[in-house]
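I opened this model for a first look. My notes follow in the order I looked things up.

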Amino acid sequence: MSPTPIKKTANITSESDFLANISHEIRTPVNAICGISDLLNNFDLPPEKQKDLIEKLNISARQLKELINDILDFSKLEAGQLTLSKRTFDLFGVLKDVYNICIIKADEKNLKLDVPLTFEGSQQYIGDPTRLKQILLNLMSNAIKFTDEGSVKVSLEKLSDLDHNRVMLRINVEDTGIGIPEDQKEKIFDKFSQGSAGKGHGREGTGLGLTITKHLIEIMEGSISLNTKEDEGSSFIVDLPLEVDHQD
């Protein structure tokens with residue numbers, strides 16, 4: 001299979017469509033938070049029941065926070081108001097941080113999560129580690145979400161030296177999940193897309209994560225391509241130019 005290049009993001013959907021979609025996503029965790037809060041007002045609940053409700057309350061609150069963050073990032077990106085920072089960072093420090101976040105969900109699903117700790121190339125770069133972490137987290141979380149057995153693997157490769165200060169780095173996030181049907185490849189980066197949900201594989205999420213990821217990669221002057229086959233997994237390939245810190 002050859003990777004399918006992802007086209008430039010289409011114009012933003014109409015304001016009414018945006019509000020209709022996002023209001024539904026907001027309503028779900030808000031209703032859960034309100035309902036659980038009402039239940040917790042019952043002081044006769046046994047401790048184990050209270051603990052279970054508080055855990056569910058925390059999950060719903062985190063979902064709402066993630067949704068709000070996605071909306072804010074999406075709005076900034078569409079308005080051209082998101083700027084990148086520029087500072088020295090450790091590439092494998094970024095990878096380790098994302099691994100520590102993703103390994104919890106991977107362990108819950110009994111998936112192997114393979115993240116490199118070294119490769120033939122510099123370890124210190126200059127750029128925006130926060131946004132790079134967001135790209136990796138979105139891709140790895142998405143891979144875990146749509147993989148029920150097997151593994152999620154991240155690989156790194158230096159493709160070329162662009163000049164004395166910059167290299168083209170390839171990041172590949174590969175999973176053994178459900179894959180993406182041929183007729184949905186071009187839609188996967190659309191706003192509110194949930195990939196294979198139509199086959200009964202619906203997963204939680206706003207459908208904004210991959211759209212935001214693609215925007216961020218393009219702002220960083222990189223590109224993303226997709227290699228996938230239904231029921232055989234997916235591979236998201238990111239080619240990103242990064243400035244090397246020669247002081248490492």
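I began with Phe236, which is buried, with a relative accessible area of 5%. The model is a predicted one, so I kept in mind that every value here is computed from it. Buried means under 20% relative accessible area, so Phe236 falls within that class.

I placed Phe236 next: it is found in strand E8. Then I listed its contacts, leaving aside neighbours within four places in sequence. The C-alpha atoms of Phe236 and Asp175 are 9.0 Å apart in space, and the two residues are 61 apart in sequence.

**The whole chain**

I stepped back to the overall make-up. I found 5 helices and 8 strands in the protein. Along the sequence they follow the pattern β-α-α-β-α-β-β-α-β-β-α-β-β. The protein has 248 residues, and buried residues make up 43% of them. I also looked up sequence separation in the contacts. Among contacts between residues at least 6 apart in sequence, 73% join residues at least 24 apart.

**Helix H5**

How many of the 11 residues of helix H5 are buried? I counted 9, so H5 (residues 209-219) is largely enclosed by the rest of the structure. I wrote down the buried ones: Gly209, Leu210, Thr211, Ile212, Thr213, Lys214, His215, Leu216 and Ile217.

What covers the buried residues of H5? The cover includes two helices, H2 (47-78) and H4 (129-145). It also includes strands E7 (223-228) and E8 (234-244). After H5 comes Glu221, and its phi is positive, near 65 degrees.

**H4 against H5**

I took up the pairing of H4 with H5. Two packed helices are described by the angle between their axes and the distance between the axes. For H4 and H5 the angle is about 145 degrees, and the axes are 10 Å apart. H4 passes H5 in a left-handed crossing. On the H4 side, the contact is made by Arg131, Gln134, Ile135, Asn138, Leu139 and Asn142. On the H5 side, it is made by Gly209, Leu210, Ile212, Thr213, Leu216 and Ile217. By class, I noted 6 nonpolar, 5 polar and 1 charged residues in this contact.

**The second largest pocket**

I turned to the second largest pocket. Its volume is about 290 Å³. Which elements give two or more residues to its lining? They are strand E4 (124-127) and E8. E8 gives the largest share, 3 residues. The lining has 13 residues, and Leu84, Ile126, Gly127, Met220 and Pro241 lie nearest the centre of the pocket. By class, the lining has 6 nonpolar, 2 polar and 5 charged residues.

Ser160 has its place in strand E5 (residues 151-161). At 31% relative accessibility, Ser160 counts as partly exposed. Leaving aside neighbours within four places in sequence, Ser160 is in contact with Val167 and Met168.

Lys153 is partly exposed, with a relative accessible area of 42%. Lys153 and Asp114 are 39 residues apart along the chain, and their C-alpha atoms are separated by 4.6 Å. Leaving aside neighbours within four places in sequence, Lys153 is in contact with Asp114, Asn172, Val173 and Glu174.

**Positive phi in loops**

Last, I looked at two loop residues. Asn110 is not a glycine, yet it has a positive phi of about 60 degrees. Asn110 lies in the loop between helix H3 (91-108) and strand E3 (112-114). Is Asn110 buried or exposed? Asn110 is exposed, with a relative accessible area of 69%.

Asp231 is not a glycine either, and its positive phi is about 70 degrees. I found Asp231 in the loop between E7 and E8. Asp231 is exposed, with a relative accessible area of 55%.

Key:
Residues numbered from 1 in each chain as written. Predicted model: local features only at pLDDT ≥ 70, side-chain atom pairs only at ≥ 80, totals over all residues. Heavy atoms only, no water. Buried < 20%, exposed > 50% of the residue type's maximum accessible area, 1.4 Å probe, protein only. Helix = DSSP H or I, 4+ residues; strand = E, 2+ residues; numbered from the N terminus. Contact = heavy atoms within 4.5 Å. 1 Å grid on protein atoms, 1.4 Å probe; cavity = no way out; pocket = protein on both sides within 12 Å on 5 of 7 lines; lining within 4 Å. Points joined across faces, edges and corners; volume = space filled by probe spheres on them. Nonpolar A, V, L, I, M, F, W, Y, C, P; charged D, E, K, R; others polar. Axes fitted to C-alpha atoms, helices over the stretch in contact; angles between N-to-C directions. Left-handed = near helix turned anticlockwise from the far one by under 90°.
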